[in-house]
Amino acid sequence: MFDVGVAGLAFGVVVLAELPDKTALAGLVLGTRYRASYVYAGMAAAFLLHVVLAIVAGSVLTLLPTRLLRALTGVLFLAGAAFLLLQRPPDEAAVARAREPGGQSFWPVAGAGFSFILAAEFGDLTQIVTANLAARYAGQPLSVGVGAVAALWAVGALVVLGGRGLIRKVPLGLVTKAAVLVMLVLGVLSLVEAVA
């Protein structure tokens, strides 16, 4: 059964975690250098694969006893909040050193977008958050998956198609603080449920 509330929560948390992420900056750089629609196609496919892997990982976590699962997801949400607070903001020079596509035809550009996102997102905060949400809402893997994919695709579209203007309009520090707050709340709620 699909739960719009769970999908909306997943969407919001993943958007907040992804906007200040290095992957968003990489999409921005690739989208300003190459045909944006080609870059986006590769990114979208990689995001979908990562969400599927995260949902599977989160579903495996649900095999743990309920209290242990709540405690683990609480600790992981708190760790995600700490990670966001402690990470250095990505710099454009680091992203520019990423593997660049070999031309303007579809497959090389989409392939570069796919391979970069595949490598950059593996074990990334948004993948961990998605796995946590899948574990927390064990009966709603589809809802979590749809929300997370929609969030990643939306952020990908914003950065690839929106270009540099987005960076000037969205204060990434504020987005990071909002993501930290949401993860802290989810972490504390999970820990309270584990103890109660």
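This is a predicted model: local features need pLDDT of at least 70, side-chain atom pairs count only at pLDDT 80 or more; totals for chains, interfaces and linings use all residues.
**Entry 1: salt bridge**

I searched the whole structure for salt bridges and got one. The partners are R136 and E193. Their closest N and O atoms sit 2.8 Å apart. I then looked up where the two residues lie. R136 belongs to helix α7, residues 125-136. E193 belongs to helix α10, residues 172-195. The pair is 57 residues apart and links distant parts of the chain.

Next I checked accessibility. Is R136 buried or exposed? R136 has 10% relative accessibility, so it counts as buried. E193 comes out at 36% relative accessible area, which means partly exposed.

**Entry 2: nonpolar patch**

I looked for nonpolar residues grouped on the surface. L48, V52, V56, V60, L63 and W153 form such a patch. Together they have about 570 Å² of accessible area. Which helix gives the most to the patch? Helix α3, residues 36-61, does, with four residues. I placed W153 in helix α8, residues 141-162. W153 is partly exposed, at 34% relative accessible area.

**Entry 3: Q127**

I went back to helix α7, where Q127 lies. Its relative accessibility is 11%, so Q127 counts as buried because the cut-off is under 20%. I listed its contacts, leaving out residues up to four places away in sequence. Q127 touches H50, L53, A54, E121 and F122. With H50 there is also a polar contact between side chains, at 3.0 Å.

Note on methods:
Residues are numbered from 1 along each chain as its sequence is written. Side-chain values use heavy atoms; hydrogens and water are left out. A salt bridge is a side-chain nitrogen of Lys or Arg within 4 Å of a carboxyl oxygen of Asp or Glu. Helices (H or I, at least four residues) and strands (E, at least two) are DSSP runs, numbered from the N terminus. Buried means under 20% relative accessible area, exposed over 50%, partly exposed in between (1.4 Å probe, protein chains only). Patches are made of residues with over 30% relative accessible area and no salt bridge: like charges are joined within 9 Å, nonpolar side chains (Val, Leu, Ile, Met, Phe, Trp, Tyr) within 5 Å. Accessible areas come from the Shrake-Rupley method with a 1.4 Å probe; for residues, only the protein chains shown count as cover. A polar contact is a pair of N or O atoms within 3.5 Å; within protein, one must be able to donate a hydrogen and the other to accept it, and residues adjacent in sequence count only if both atoms are side-chain atoms. Contact means heavy atoms within 4.5 Å.
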